[in-house]
Each structure stands twice: as structure tokens, then as C-alpha cells.
Amino acid sequence: MKIKNDTVEEFRLYDIGIEYNHSLVPDYYATVNRNWRVFNNQQWEGVNTGGLPIFILPMFQRIIRHFIASCMATSVKMNYVIENIADDTTDIDEQERLQLSKYLSENSKDRWEKLKMDMLVRRVLYDGAMSGDMGAYTYWDGSIETGQTYGESYQTDEAGNPVLDEYGMRIVKPTPIIGEFLTEAVDGVNVMFGNPNDPRVNVNGKPYQPYIIIAGREVVSKLRKEAKAHKKEIGLTDKEIDQTIMPDVEYDEQAGDRGSKELENRDSQYGKATYVIKLWPDDNGHILFNKCVKNCYIRKDVDTELTIYPVAWANWDMIKNSYHGQAVATGLVSNQLEIDKAFAKLFKYLGDMAFPKIAYNKNVLPNGLTNKIGETIAVDVSEDVSLGNVVYAIPPAQIASRIMDIITIAIKQTMDLLGVSDAALGTADPENTSALVVLKQNTDIPLENVKAYLYQFIEDIGYIWLEFMLKKYKVPRKLTVDNNGVKQMVLFDPSKLDGAKFRIKIDVISGGVVSESALTQAVNNLFSQGVIDAVQFIERLPDGAIPERETLVAELKERVAQEQYLKSQEFKTQAVQEFLGQVKQGGGNATAQTGI
């Protein structure tokens, strides 16, 4: 039985990564969990408030959401460019390669939508804001049916024997194309670099890290199923796999407080276990991977055929000599807590002192006072004792007016320094559009570095996609491309690109309310100057600016075509011919009828 009682090597490297993260000051896991807790408005949970009321002013949450929305206000397009080939080349082979690179560029938009990359980018941005790290992992799923075929093959039964028809001839069927790559977001806490002092993953098209560890939690039944599908590879029987892959409680290092909340009372089939994937380059430059649980392999020494790590990595902001970045949330937590405490103290003061305290003369009112409405109070006093000496309302202490000013200043300064201005939040006076655009652009400056890291992150994903298409697509496949708004299917043959050196260029397309306003103004100026016509003006307005835009454009095009026809030589010739025909048929009456 080939089961080791001790921890497999990959899991030992995972434990070393965990130890490194705990050694950081402040503790990496504690920092990430605290940041998520504050973002989710749970900063008061488990805190001894000392009698203060719980008050939450969601400044922290609003700033983070604004940052994410600002980064997502732009869309990107991947352009695959082959180096060392001129655009105007006359070589047939080079022209074919250029055409295939255009297919890749056009297909990237369809693939982006198919893999739900907008949601993935949004998720990694939230991870970056909370943990300082953004990660994505691309892998090959050999079970995906593409619906495409290439060539033909003989049909066989489950035992691999040929299937014959009624005449004893082998049955031939189209060969299905199976397998596709997928991209998923990974938490920074679940990624360990072999060299944690350098955030680079691949350099100059080659793997840079000695190894990369990716960890996660998965249901045991799925892990067992995967291991049994590769039992020859790992050298275990089904029974040994069932006995070895068992649920565990190794979840303390997952992101967020709820990462350690699972259905622990489930049986072994539905319990979870921590798995570890190790990626590393072999002597030939190929990326290999192992997948395991604590004391059992699930995959072993698998050649991915890739020559770069299929991992994209970026930081929200850099920390020198660390692959972990700086989270914007970390610096905001203290401000949020102090502002919440200040407001809580104000509310406690209001609760304690909103109504005046009543003092009374016990000698005169031995039975005390009553709060019943309309009830009279009997007072037995002498003539020289006034009522004010019997019952007296003690006025509350005056709150210092500067306290609220300081709280307001703290909120405003925090948001201003982070670029979260009124213009950015949409609460500024919109009368001067040009000034508003400039102000919005200025407030976006603190995010420029984050956006630069994000675009590089997306570019790295583009190189990884290219690697999968060139190395894992063994036969030509059909790709979906967008040709001037028309969906088309083209044949992509990766063998035609052997040895091609690619460069990826990311085009950033602005979006958002302010950008739409600027775009509308720019298009309006072009129309006013006569550079574009009415149809071109309407077609270039932002989506939603005009209801039923397509119908209006169609009507305008029909009207323009009719006007052009009336001015054309063909119409004039036809009119003359019709007139001459009427002259021949009606004689002199034609002149009167036509008015000529």
C-alpha cells in the first residue's frame, strides 16, 4: 500500500508558506480578516464597548466600493500582435499568421464574456483592496465538451473493442474535440511563492518563481472522484483513495471569518479537505503540477505542456521585497473605528443627557415625584420657601461644538486624501460639465497605479490564454469573432503559429457617467461642425441616450437614401423617360399634365 503516514512534500511547502505569512508584521491572516470584517460592518462583534451604543458610519465601505467602481468604469480589449512581421507584408505565410492573430484579438472579447471575466476582475479587485493581492489561476479541464469535431475515428466500446455494423464493418464517427481552459480568481492567502521576496511570476516568457503553491478547500467526494480517475497515475486503488482522502479542519488560514465556518457535522462524503497544487518548471522548461491532500496525491507529475506559469498576480500597492502587497483597507480601519467610536460617544451623551435631571426637596416631598401626565403634586411649604427650592430641573452640560467639527474634518480629510471627492461620488454640482470632468479626472489620480497594476494583470492573463491555445489546442478549432457587429465562426489552426513571437497590447476604453457626458459633448461638437451627419451622430451616442435608437437610425437611413435617389442622375433619367413616354401616348396633353 503506497500511502505515507507523513505529510507529502507539497503540503510541507504549504505549511512553510503559512508560517511565512504569520511571521509578517502585522500578521497577514489577521490583517485580511480584520479588513473584511470592517468592510462587512462587523467591526463591533466581540468588542467590549464599555456601555457605548453600536454606531456604524459606512465610510470604509463606501470608499472601497467607489474604488472598485472606478476601476471597473473602463473596459479593456486584448490585441495580439505578432512581432517581426510588417502589417503590409506580401509573404503569403506571414499574411496568414497576421490573420490568425487578428482572430485571436477578436475572439478575446467573446472569451472574456464566456468566462465571466468582468465578475472575476471585480472579485480580484475586492480581494486586492482587502488583502493587497490579486490572483487568478487558469487550468485545463479535459472533461468539457466543445460541441466541435475534427476528423473521424473508429468507434469502440467501454472495453476498447471495435464496434461493428450489421455487415461486420467498423463504425466510423466524427472525432469530438474535448477540453477547454478556464480562469478562476484565487485568494491571496491561498497562494505561496517559492521566492516570497519577489512578486514576479513569469519574466521574459519564462517561469521566474522556483515553485508556486495554490491551496483551497473542496468537498471530499469531488477530490476522491478526481483521484480515482487518475489512480494509475498516483498508484492507488479505489479503496485506498477512500481511506486516505478524508475530511479535515485545516481551514484556519482561509480568507474572512466565515472561511472557517463549514458544515462540520456532515459525513465523510460531504465534508471538506484542504488540497494543495504545486506548479514548478522541469529541466525542459515545461510547467509540471502535483495535486494532493495532506497525505495522498490526487495528480502526480503532470506535464501541462505550458512554458509559463498559468498564474496572474498583482498587488493593490507594492511592499518592498514582498510578493504580498499593501491593502488600501489596512490604513482605513483605524480611521473608521475612531469615527464610529466618536459618534457612539455622542449618541451615548444624547441618550444620557437629552432630558434634564429632576432634583427635589426630600423633606417637602418625602414620597418622591411622579411622571403621570396631569397628576397634581401636593406640596407643604412655608411662605418663605419658593417652589424652586422644592423641585428643580438640572440643565444638561453643553457639548463642545468642536467635537462634531473634528469628526466632520476627519471624514472629509480621509476621503479627500484618497481621492473620493464629491465629483467622484456624483454629488457635485453638475452645471459646469467641463469643470466636473477635470475634477473627476484629478480625483482619479490616486487610483492610477492600481489601474496600471490591473491592466498588467489582465495582460498577463492574455499571455496565459495564448499559451493554452498554442499548446493545448492539438487540432484546428472554430473560434467566435466579432466582425463589425456580426458574429462569425473562423477556423483557428495553432500549428500555423509555431515559433511566432507575440506581444499583447491592452486597449483601455473609458466608461462611466462623466466619460459618457464628455463623449456626448465631443460627438455634438463634431455634428455642429458638419464633420458627421445625423445618422453618425446618433450611432455614436452612449447606449441608452436615445430610446429605440436602432429604429430611429433605420428611419433616418431610409430617408437619406430616398433624398439621395431623388437627387441622383438615375432618377432624373427615369423622370425624363416617363415624360417622353407620356408625350408619345397623350400628345400635347402631356405638357399640361406634367406642368412642363
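## A friendly tour of a predicted model

At 46% relative accessibility, D301 counts as partly exposed, because that value lies between the 20% and 50% cut-offs. You can find D301 in strand β10, which covers residues 296–303. Its phi is near 50 degrees, a positive value in a residue other than glycine.

N204 also has a positive phi without being glycine, and here the angle is near 55 degrees. Look for N204 in the loop between β5 (202–203) and β6 (206–207). Is N204 buried or exposed? Its relative accessibility is 76%, over the 50% cut-off, so N204 counts as exposed.

Now move to the start of the chain. N21 sits in helix α1, made of residues 9–23. Because its relative accessibility is 0%, N21 counts as buried. Which residues does N21 touch, not counting those up to four places away in sequence? They are D27, Y28, Y29, V189, M192, Y323 and H324.

The loop between α1 and α2 holds P26. Find the peptide bond that runs from V25 to P26: this bond is cis, with omega near 0 degrees.

Next come two pairs of packed helices. Two packed helices are described by the angle between their axes and the distance between the axes. The table sets out these values for each pair.

| Helix pair | Angle | Axis distance |
|---|---|---|
| α2 (residues 28–39) and α9 (residues 328–353) | about 55 degrees | 10 Å apart |
| α3 (residues 59–72) and α5 (residues 117–131) | roughly 140 degrees | within 10 Å |

Take α2 and α9, whose axes meet at an angle of about 55 degrees. On the α2 side, the contact is made by T31, R34, N35 and V38, while α9 brings A329, T330, V333 and Q336. Sorted by class, the residues of this contact are 3 nonpolar, 4 polar and 1 charged.

For α3 and α5, the axes cross at roughly 140 degrees. Antiparallel would need an angle over 145 degrees, so α3 is oblique to α5. The crossing of α3 and α5 is right-handed. From α3, the residues F60, I64, R65, I68, C71 and M72 meet D118, V121, R122, L125, Y126, A129 and M130 of α5. How many nonpolar, polar and charged residues does the contact of α3 with α5 have? There are 10 nonpolar and 3 charged residues, with no polar ones.

Finally, look inside the protein. The largest nonpolar core has 120 residues, and F457 and W465 touch the most other members. Helix α13 (residues 448–471) gives this core its largest share, 11 residues. To see the surroundings of W465, leave aside its neighbours within four places in sequence; W465 is then in contact with M78, Y80, S108, R111, W112, L115, M117, T138, F181 and T183. There is also a second, separate core of 8 residues, and its members include I532, V535, V553 and L556.

Definitions and conventions. Residues numbered from 1 in each chain as written. Predicted model: local features only at pLDDT ≥ 70, side-chain atom pairs only at ≥ 80, totals over all residues. Heavy atoms only, no water. Axes fitted to C-alpha atoms, helices over the stretch in contact; angles between N-to-C directions. Helix = DSSP H or I, 4+ residues; strand = E, 2+ residues; numbered from the N terminus. Contact = heavy atoms within 4.5 Å. Nonpolar A, V, L, I, M, F, W, Y, C, P; charged D, E, K, R; others polar. Core = buried A, V, L, I, M, F, W, Y, C linked by side-chain atoms within 4.5 Å. Buried < 20%, exposed > 50% of the residue type's maximum accessible area, 1.4 Å probe, protein only. Parallel < 35°, antiparallel > 145°, perpendicular 65-115°, else oblique. Left-handed = near helix turned anticlockwise from the far one by under 90°.
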